[in-house]
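Please consult the sequence and the three-dimensional view alongside the text.

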Amino acid sequence: MSQPESRNIIPSAPGANTEAEAFRDVIRHLASGVTIVTSSLGGEPVGLTATAVCSVSAMPPMLLISLTAASRTAQGVAETGAFAVHLLPHTGRRYAEQFASRSSHFQDVKYSPTLDRQIPLLPNALGWFLCQAEQSLVVADHMIFVGRVLQCELKDKSPDPLVYFDRNYRKLAPAAEHATSTLEPWGSAQDAGLPGFGW
């Protein structure tokens, strides 16, 4: 049986640039938490700022990340089979900008390598996940990795996350508008047991 054909979502036809521009204009209005993804390449620490991070399931705990395929970080994840995701606090904007720049990402940045995989863990994160990459997929110019969470820690019990929306960093309001018990990262609680529900 033939393998499914890989194709781009945005067509490479006349007007494709307009489609890509429209896509960017809409997707920038999806509010996202700001993270730093780290790994190791050739024994050296690598990392980048990423918003394309999401939970996949809670049992077992798994995360999905999407990285530019040409990046050293994506190459590091492919080489080591492991990565860490750091949730940034609002005070971590400097780190977000540094890891998104073309300069040395780890210059003057303290970190602790995990003992077995040498994956850098950053101390000033709101929380972190250490993951073993179990699946990877090349899509257009990106690599998608699905990782099983081996360890995780919430370092700030009163978190104030760094949020990215409409090409700007944002801060959450001091309190939520209303608490909800029906929405989970994997779908609505009312959908539990239905196909596609993450639990």
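## An exposed lysine and its partner

K171 is exposed, its relative accessible area being 54%; here buried stands for under 20% relative accessible area, exposed for over 50%, and partly exposed for values in between, computed with a 1.4 Å probe on protein chains only. The side chain of K171 meets that of D160 in a salt bridge, with 3.6 Å from N to O. The pair ties together parts that are eleven residues apart in sequence, because D160 lies in the loop between β10 and β11 (162–165) while K171 lies in strand β12 (residues 168–171). D160 counts as partly exposed, at 28% relative accessibility. A salt bridge is defined as a side-chain nitrogen of Lys or Arg within 4 Å of a carboxyl oxygen of Asp or Glu.

## Basis of the model

This is a predicted model, in which local features need pLDDT of at least 70 and side-chain atom pairs count only at pLDDT 80 or more, whereas totals for chains, interfaces and linings use all residues. Residues are numbered from 1 along each chain as its sequence is written, and side-chain values use heavy atoms, with hydrogens and water left out.

## Overall architecture

The protein has three helices and 14 strands. Both are DSSP runs numbered from the N terminus: helices are H or I runs of at least four residues, and strands are E runs of at least two. Of the 199 residues in the protein, 31% are buried.

Contacts, meaning heavy atoms within 4.5 Å, were also classified by sequence separation. Among those between residues at least 6 apart in sequence, 61% join residues at least 24 apart.

## The other salt bridges

How many salt bridges does the structure hold? There are three. Besides the pair of D160 and K171, E134 and R148 form a salt bridge through their side chains, at 2.8 Å from N to O. E134 belongs to strand β9 (residues 127–139) and R148 to strand β10 (residues 142–154), so this pair ties together parts that are 14 residues apart in sequence. E134 is partly exposed, with a relative accessible area of 36%, and R148 is partly exposed as well, at 31%.

R93 forms a salt bridge with E97, and the closest N and O atoms are 2.9 Å apart. Both residues lie in helix α3 (residues 93–100), four residues apart, which is about one turn of the helix. R93 counts as partly exposed at 42% relative accessibility, and E97 counts as partly exposed at 38%.

## Cysteines

A search of the whole structure finds zero disulfides, a disulfide being a pair of cysteine sulfur atoms within 2.5 Å. C54 is partly exposed, with a relative accessible area of 38%.

## The largest pocket

Rolling a probe the size of a water molecule over the atoms shows where empty space is left. The largest pocket contains about 1,800 Å³ of space. Grid points are joined across faces, edges and corners, and the volume is the space filled by probe spheres set on the points.

The largest pocket is lined by 45 residues, of which T51, A52, S66, T68 and H142 are the closest to its centre. Elements that each supply at least two lining residues include α1 (16–27), β4 (53–58), β5 (61–68) and α2 (72–80). Strand β3 gives the largest share, six residues. The lining divides into 24 nonpolar, 14 polar and seven charged residues; Ala, Val, Leu, Ile, Met, Phe, Trp, Tyr, Cys and Pro count as nonpolar, Asp, Glu, Lys and Arg as charged, and the others, Gly among them, as polar.

## Backbone features

M59 and P60 are joined by a cis peptide bond, with omega about 0°. P60 is found in the loop between β4 and β5.

D108, a residue other than glycine, has a positive phi near 60°. D108 is found in the loop between α3 and β7 (112–113) and is exposed, at 70% relative accessible area. A140, in the loop between β9 and β10, has a positive phi near 55°, and A140 is exposed at 55% relative accessible area.

Key:
On a 1 Å grid over the protein atoms alone, a cavity is a set of points where a 1.4 Å probe fits but cannot get out, and a pocket is an open set with protein on both sides within 12 Å along at least five of seven lines; lining residues have an atom within 4 Å of a point.
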